[in-house]
Amino acid sequence: MTDTSLPPCPECSSAYAYEMGALLVCPECGHEWPHSASDERVIKDAVGNVLADGDTVTVVKGLKVKGSTSGIKAGTKVRNIRLVEGVDGHDIDCKIEGFGPMQLKSSVVRKV
């Protein structure tokens, strides 16, 4: 029986890999490799800190906002962020005081 959630063998591309402890094993070629939890996405801020839902961040550079005469100034604090699969690299969903709900790129914020 094949478990479709396991990756194929990196040596022979067999789809019949199975778990044995902390390793994945290919029954066709005998190759063993570590089972990694690569399904989990890691989002980092502009300086390399790992972000999580509920974090507070600071905007590191001034941002123009479409439809607004003023933009978001550097140093603006954003509380209670939510990490999302955004469009065009925007991976933070948040609400900024004075602007409302919007999405930001993690490359323009720094964790507080």
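**Exercises on a predicted model**

A polar contact of 3.4 Å joins the side chains of serine 14 and glutamate 28. The model is predicted, and the exercises below start from this pair.

**Exercise 1.** Which residues of the largest nonpolar core touch the most other members, and which strands supply at least two residues each?

*Solution.* 
- Step 1: The core has 16 residues, and Cys94 and Leu104 touch the most other members.
- Step 2: Strands E4 (57–59), E7 (90–96) and E8 (100–105) each supply at least two residues. E7 gives the most, three.
- Step 3: Look around cysteine 94, not counting residues up to four places away in sequence. Val78, Ile81, Gly100, Pro101, Met102 and Leu104 touch cysteine 94.
- Step 4: A second, separate core has six residues, among them Leu6, Ala17, Leu24 and Cys26.

**Exercise 2.** What lines the largest pocket, and which element gives the largest share of the lining?

*Solution.* 
- Step 1: The volume of the largest pocket is about 210 Å³.
- Step 2: Its lining includes Leu63, Val65, Ile72, His90, Met102, Leu104 and Val108.
- Step 3: E8 supplies the largest share, four residues.
- Step 4: By class, the lining has six nonpolar, two polar and three charged residues.

Conventions:
Residues numbered from 1 in each chain as written. Predicted model: local features only at pLDDT ≥ 70, side-chain atom pairs only at ≥ 80, totals over all residues. Heavy atoms only, no water. Polar contact = N/O pair within 3.5 Å; in protein donor to acceptor, adjacent residues only side chain to side chain. Core = buried A, V, L, I, M, F, W, Y, C linked by side-chain atoms within 4.5 Å. Buried < 20%, exposed > 50% of the residue type's maximum accessible area, 1.4 Å probe, protein only. Contact = heavy atoms within 4.5 Å. 1 Å grid on protein atoms, 1.4 Å probe; cavity = no way out; pocket = protein on both sides within 12 Å on 5 of 7 lines; lining within 4 Å. Points joined across faces, edges and corners; volume = space filled by probe spheres on them. Nonpolar A, V, L, I, M, F, W, Y, C, P; charged D, E, K, R; others polar.
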